[in-house]
Amino acid sequence: MIRKIQHIGVAVQSLSDAIPFYRDVLGLEFLGIEEVAEQKVRTAIFRVGESTIEVLESTSPDGPVGKFLEKNGEGIHHLCLRVDDAAAALARAREKGVRLIDESPRTGVHGMKIGFLHPKSTFGVLTEFAEGEDGP
Ligand code: CMX
């Protein structure tokens with residue numbers, strides 16, 4: 001069961017350049033910065049109602065966000081949906097013929113269980129499932 005939009009990921013060249021826009025121009029609550037070494041990203045998180053925006057900076061040109069920036073420049077990178085059971089959501093997508101990036105969940109920001117669907121199978125939008133309590 002999908003509960004809500006967990007977050008929208010936005011790829012930027014520089015967190016320090018982008019943070020003032022989200023915090024000071026939009027006036028969103030800034031929840032802090034987290035580094036996910038395995039994903040080669042640093043992310044600044046902003047609350048938007050029951051969801052968040054994760055602003056993503058690459059820590060390496062060969063990471064997923066580094067490659068995306070190289071090819072597309074800055075912009076929306078992925079959509080994350082909160083689910084009750086990430087393993088079940090991935091299994092259901094696989095059964096329905098969707099190409100998975102993650103065959104089973106792994107650990108993401110705030111220790112949530114996460115798994116990605118391939119954008120070539122989801123009409124161009126990299127889609128993530130996330131299970132667990134992260135606050136907002
Ligand atoms: N949205 C839409 N399409 C994307 C994309 C994105 N974010 N990233 C890559 N693509 C496209 C590429 O442009 C490419 O398209 P073409 O074949 O038309 O050129 C296609 O997907 C496949 O690209 P690829 O070269 O085979 O694969 P990449 O090495 O670029 O990897 C992907 C793409 C999605 C498999 C990889 O980025 C991935 O595994 N992502 C999941 C993890 C992730 O994104 N982590 C960062 C966020 C972490 C977090 O939220 O904590």
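User: Two strands are said to pair when DSSP finds at least two bridges between them. With that in mind, which residue takes a positive phi in the hairpin of E2 and E3?

Analyst: In this predicted model, strand E2 and strand E3 (residues 41-48) run antiparallel and are joined by seven bridges. One of the bridges links Val36 to its partner in E3, Val41. Four residues lie between the two strands of this hairpin, and the residue there with a positive phi, near 55°, is Lys40.

User: In the hairpin of E3 and E4, which residue takes a positive phi?

Analyst: Strand E3 runs antiparallel to strand E4 (residues 51-58), with eight bridges joining them, and Thr43 stands opposite Leu56 in E4. The hairpin of E3 and E4 has two residues between its strands, and the positive phi, near 60°, belongs to Gly49.

User: Which strands stand at the edges of the sheet?

Analyst: The sheet is open and mixed in its pairing, and its eight strands follow the order E2-E3-E4-E1-E5-E8-E7-E6. Each edge strand has a single partner strand, so one of its sides is left without a neighbour in the sheet, and the strands in this position are E2 (29-36) and E6 (106-107).

User: Which residue in E5 is the bridge partner of Ile2?

Analyst: Strands of a sheet pair through backbone hydrogen bonds, in either a parallel or an antiparallel sense. For strand E1 (residues 2-12) and E5 the sense is antiparallel, and the pairing extends over eight bridges. Within E5, the bridge partner of Ile2 is Val83.

User: Which element gives the most residues to the shell around the ligand?

Analyst: The ligand takes up the space of the largest pocket. Two or more residues of the shell come from each of helix H2 (64-72) and strand E5 (75-83). The element that gives the most, with four residues, is H2.

User: Which residues come nearest to the ligand?

Analyst: The shell around the ligand divides into seven nonpolar, five polar and six charged residues. Of the 18 residues around the ligand, those that come nearest are Gln39, Lys67, Lys71, His77 and Lys120.

Methods. Residues are numbered from 1 along each chain as its sequence is written. This is a predicted model: local features need pLDDT of at least 70, side-chain atom pairs count only at pLDDT 80 or more; totals for chains, interfaces and linings use all residues. Side-chain values use heavy atoms; hydrogens and water are left out. A residue is near a molecule or strand if one of its heavy atoms lies within 4 Å of it. On a 1 Å grid over the protein atoms alone, a cavity is a set of points where a 1.4 Å probe fits but cannot get out, and a pocket is an open set with protein on both sides within 12 Å along at least five of seven lines; lining residues have an atom within 4 Å of a point. A molecule sits in a cavity or pocket if more than half of its atoms lie within 2 Å of its grid points. Ala, Val, Leu, Ile, Met, Phe, Trp, Tyr, Cys and Pro count as nonpolar, Asp, Glu, Lys and Arg as charged, and the others, Gly among them, as polar.
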